[in-house]
Amino acid sequence: VPSPHDNSKLRSKETKGQADKSAGSCHNQISLDDPPTLAFPSISTADFQFSNDKAADIIVEKVAEYSNKLGNARLVLVDLTHKSKILSLVKSKLAEKNIDTQKFFTHVGDITRLHSTGGLRCNVIANAANWRLKPGGGGVNASIFDAAGPELESATKEKAKSLSPGNAVVVPLPSSSPLFTREGVTHVIHVLGPNMNPQRPNCLNNDYEKGCKVLQDAYASLFEGFASIVR
Ligand code: AR6
């Protein structure tokens, strides 16, 4: 039984209807009927080894703060599997908050194939980036740069050379990028979260006082960046 906060089934049906309506036109583009949507992965909780429990608190807190400021725009937390710890933690913590399930929900799938295989239209996706804003390195960063092609690397370079923890940068995606043509993604927002992995730069050595502050800043910066696109 899908939880009230996992609307993927509902969305597939709904978006299929919209795709059918627009048959004959380019159905993989965002239509005027689709609310602006930001899909984002959980920042810092895999390679950067940040506590899933603390990250879930911060996601719920920041979503509660921003979802009402964003008009009809939607926020969608994405992870690859139904076994995702972060998705179940967020769903259980959401129960205590009064957040509109149309404006925030979770989705299981690959963030680079949300429309083509997930039936979910998202015009903006976030990336859990590295400080150099470089392709590769595994995780969602490698997948997004691979799927977007060289267009994302050059568009990113035009916007910023590096990122410090707690910050985000909005990158408009050239219309020649496969992520744009296949998935309808017009912007990628790179976000750099706090790092607790001693093998990676800027390790915070389990200083969660600092780490939580940096993760709050990272989500605030991400949602502000999305708001600047929606406006
Ligand atoms: N679609 C949706 N979610 C995904 C995908 C995908 N294709 N791939 C991974 N995730 P991570 P971090 C989820 O490690 O912890 C990189 O190498 C994953 O299950 O990508 O912020 C960068 O270059 C997890 O929930 O990001 C940085 O150096 C979430 O995305 C470093 O890792 C984030 O996992 C950043 O580490």
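Thr156 lies in helix α5, which spans residues 150-159; helices (H or I, at least four residues) and strands (E, at least two) are DSSP runs numbered from the N terminus. The structure is a predicted model, in which local features need pLDDT of at least 70 and side-chain atom pairs count only at pLDDT 80 or more, while totals for chains, interfaces and linings use all residues. Residues are numbered from 1 along each chain as its sequence is written, and side-chain values use heavy atoms, with hydrogens and water left out.

Thr156 has a relative accessible area of 1% and is therefore classed as buried; buried denotes under 20% relative accessible area, exposed over 50%, and partly exposed the range in between (1.4 Å probe, protein chains only). The C-alpha atom of Thr156 is separated by 7.5 Å from that of Leu133, a residue 23 positions away along the chain.

Arg74 belongs to strand β2 (residues 74-79). Arg74 is likewise buried, at a relative accessible area of 4%. Its side chain makes a polar contact of 2.9 Å with the side chain of Thr37. A polar contact is a pair of N or O atoms within 3.5 Å; within protein, one must be able to donate a hydrogen and the other to accept it, and residues adjacent in sequence count only if both atoms are side-chain atoms.

The ligand sits in the largest pocket. On a 1 Å grid over the protein atoms alone, a pocket is an open set of points with protein on both sides within 12 Å along at least five of seven lines, and a molecule sits in it if more than half of its atoms lie within 2 Å of its grid points. Strand β2 and helix α4 (139-148) are the elements that give two or more residues to the shell around the ligand, and α4 gives the most, with four residues. The shell holds 24 residues, of which Ser44, Asp79, Ile111, Gly137 and Val140 come nearest; a residue is near if one of its heavy atoms lies within 4 Å of the molecule.

Oxygen atoms of the ligand lie 3.0 Å from a polar backbone atom of Ala46 and 3.1 Å from a backbone N or O atom of Phe48. Taken alone, the ligand exposes 710 Å², of which the protein buries 91%; accessible areas come from the Shrake-Rupley method with a 1.4 Å probe.

The structure contains zero disulfides, a disulfide being a pair of cysteine sulfur atoms within 2.5 Å. Cys122 is buried at 2% relative accessible area, and Cys212 counts as buried at 18%.

Conventions. On a 1 Å grid over the protein atoms alone, a cavity is a set of points where a 1.4 Å probe fits but cannot get out, and a pocket is an open set with protein on both sides within 12 Å along at least five of seven lines; lining residues have an atom within 4 Å of a point.
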